[in-house]
Amino acid sequence: MAIKDAAPRSRRSARAGVSEAEPGAPAPQQAGDPRAEDGPAQADGAQAGVAQADETQTGGTQTSGAQAGGAATEAMADPAPAASQQPPGSMLGLWTSWLDLMRGQVLSAGQAVPEGQPWQVRADEVAGRVLADSVRKVNDALLQDPNLRTLDRLLNANPLREVIPVDWAEVARALRTVWLRNLGRPGSAVQSALDLNLRLWRSALDAWSEAGRRWLGEETAAPATPGGKAPPVADKRFAAPEWQSNPLFRTLRDSYLIASEWLLKQGDAPDLDEAERLRLNFHLRQFIDATSPTLALASNPAALRRAMETGGASIASGIRNLLADVKAGRLSMVDATAFAPGRNLALSEGKVVYRNRLIELIQYAPRTETTHAVPLLMLPPWINKFYILDLQAKNSMVRHLLDRGFTVFMVSWKNPDASMDSIGIEDYMELGPLAASEVVGEITGARQVNVMGYCIGGTLLAMTLAWLAAKGDDRFNSATFMVSLQDFSRVGDTAVFMDEDTVDLVEQQMLERGYLDSRDMANMFNLLRPNDLIWVNVVNNYLMGDKPAAFDILYWNSDSTRMARAAHSWYLRNTYRENNLIVPGRVTLKGEPIDLGRITLDTYAVGAEKDHIVPWDAAWHITHLFGGDVRYVLASSGHVAGIINPPGGKGSYLVNESGTPAGTPTLWRQTASKREGSWWTDWFDWLGAHAGARGAPPPMGRPGEAPLADAPGTYVLER
């Protein structure tokens, strides 16, 4: 559904800059990098260092970061203290050093400001005058400041660069953008820096004053953070009691959170266009998350406590875990030995009743004496395996449907390889929902079929329904869409990965391989939620020395698939780049111009309130894009947890029963009512009303043909 960041482009620029600026400098070390086999486009840009960002173009002036990179490399000649030797305040030192450097540049920028309008100059006007001098001062700061020198060395030597997908070249570019913008408004920048320092001092004073009162035996009220805000207890990273009780750790925590808030405000620039502002804030958040004090052993009280309790064994285990991940070229997020489809996942009984070069069709065995007359065909996304809908008995959507008397068929997509390079989106439509629905009708004898599409499977379903409407084919009785987009005008943080240069780069990589590698997809999705999917595992695996947890959803998440080149290129350009599906007649499939407005069958659509991939208010637009009746439901939680939410667990959902069409998502939500429990029960009731009377279950398999295999089939096992 989405792609990797434009990291390879910026990384190539950074690496090339070093070579050109320092002909005699040694080439960045590439030995052991598992991604090197994918060609130069996958080279890791962290080796270029924080001062070696890709070329930045400001106001028509393009300046290479190579000079900064060369000087920074020379600065590394002096040994810098290792991360594990830094005191608990090391991360705070890195932050304050960077802030002091930036503030110093702001205060000195006045010399380069054009006379007559010193406080109204724009960043692009001052950049050309100060950039050369500023690069020199950055290099001087690297030479003189041990904190910044340590950071630059760590970015070059840290083995985490092999397993963490953060694009440090883009992060450095974002920091430079903030810096240059502050050069263009020195008055407000100085005031902002002074306010920041005041908050930092006040925070430290509060922490140590409270500690002093506690040591004297005085009762203290619940502390408040600077600015009158409540303590950040909701941040799970700082759950250890020492973050509150120890004044040193509390000062470190509060300083980090205050500096983080300040930096994000610097990126909230209303004069930038939306795409650039989104990209800037995205990479600033990556920097903030990656510099959390919880990620260093010396400044993580829980990790220090574990090390003392185990006599250092946790540190040794963490090193072993890190070396294993570096060797594998990925960050371990789940115990990969704990699960396997057909062993303890995807256990619903059934048969593979049809197979072509793109899908296997699974028919599940009935679990009730009678079943509904109209069967259900499920179309999962092809960027992951289908068994997210059939995990274990307690949370299997398939099993819950079978227990309620539905006849269920599942599409299992093949994992593409280079031989499937030319398979296009029309092949996915023809060999997927069209071929599967014909087999379902043949087995069950039903003239019509209910159909469900999840995520990108729903986008394909919408195109298929519009094509069928153009042909006058009414084989589908009703449709369900789960966290699926049709209107791509707003796609959340995934827009960071969808600019024209990035799509061009991905297409080039796919031309070389014949597919988009699953690691690229996984990296993108992980970067959308770095604290939950990346950094929590860094702490667990490397600092605490624990093995990754055994969690079925995380195992499925790591079992990703490749993308066929032709189909994925078409999808990216016609959805994320051009948003063609919402324009009647702009997309033609198999000779038929399609129009989503011609889809008139009854529809059930689900969005997820905290979805970071398909924003709920973007998924809501199906309510006015389709020409039929659409029941829209808003589930709690995110893209996966909001959908895999069986009855009996936590959760709630919103549904609008007002009967009055809402013009906007906001108006829809204002008139919606909240219901406790799982939205599954609401969907089961709606689906049952569209599934016909109950009778004897249909036979298993096509007439006169033996099933091809037991569920879950063979395609799901392909890596």
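Ground rules, then. The model is predicted, so local features need pLDDT of at least 70, side-chain atom pairs count only at pLDDT 80 or more, and totals for chains, interfaces and linings use all residues. Residues are numbered from 1 along each chain as its sequence is written, and side-chain values use heavy atoms, with hydrogens and water left out.

The chain overall. There are 719 residues, and 58% of them are buried. Buried is under 20% relative accessible area, exposed is over 50%, and partly exposed is in between, with a 1.4 Å probe and protein chains only. The secondary structure comes to 24 helices and 19 strands. Those are DSSP runs, numbered from the N terminus: helices are H or I with at least four residues, strands are E with at least two. Now contacts, meaning heavy atoms within 4.5 Å. Take those between residues at least 6 apart in sequence: 82% join residues at least 24 apart.

Next, the helix pair. Two packed helices are described by the angle between their axes and the distance between the axes. Here the pair is α6, residues 168–183, and α10, residues 274–290. Their axes come within 9 Å and cross at roughly 110 degrees. Axes are lines fitted to C-alpha atoms, for helices over the stretch in contact, and angles run from 0 to 180 degrees between N-to-C directions. So α6 and α10 are roughly perpendicular. For the cut-offs: under 35 degrees is roughly parallel, over 145 roughly antiparallel, 65 to 115 roughly perpendicular, and the rest oblique. The crossing is left-handed, that is, the near helix is turned anticlockwise from the far one by less than a right angle.

Who makes the contact? From α6: W168, E170, V171, R173, A174, L175, T177 and V178. From α10: E276, R279, L280, H283, L284, Q286, F287 and A290. By class, that gives nine nonpolar, three polar and four charged residues. Nonpolar here is Ala, Val, Leu, Ile, Met, Phe, Trp, Tyr, Cys and Pro; charged is Asp, Glu, Lys and Arg; the others, Gly among them, are polar.

On to D493. The loop between β9 (476–482) and α16 (500–513) holds this residue. D493 counts as partly exposed, at 22% relative accessibility. Which residues does D493 touch, leaving aside neighbours within four places in sequence? L278, F282, R285 and L528. With R285 there is a side-chain to side-chain polar contact at 3.0 Å. Polar contact means a pair of N or O atoms within 3.5 Å; within protein, one must be able to donate a hydrogen and the other to accept it, and residues adjacent in sequence count only if both atoms are side-chain atoms. The C-alpha atoms of D493 and N281 are separated by 9.7 Å, and the two residues are 212 apart along the chain.

Q448 now. It sits in the loop between α14 (425–444) and β8 (449–454). A polar atom of the Q448 side chain lies 2.8 Å from the backbone oxygen of D474. Beyond four places in sequence, Q448 touches V374, P375, D474, R475, F476 and N477.

Last, the backbone. C455 is not a glycine, yet its phi is positive, about 60 degrees. C455 lies between β8 and α15 (456–471), in the loop, and is buried at 4% relative accessibility. K590, also not a glycine, has a positive phi of about 50 degrees. K590 is partly exposed, at 33%. And A711 and P712 are joined by a cis peptide bond, omega about 15 degrees.
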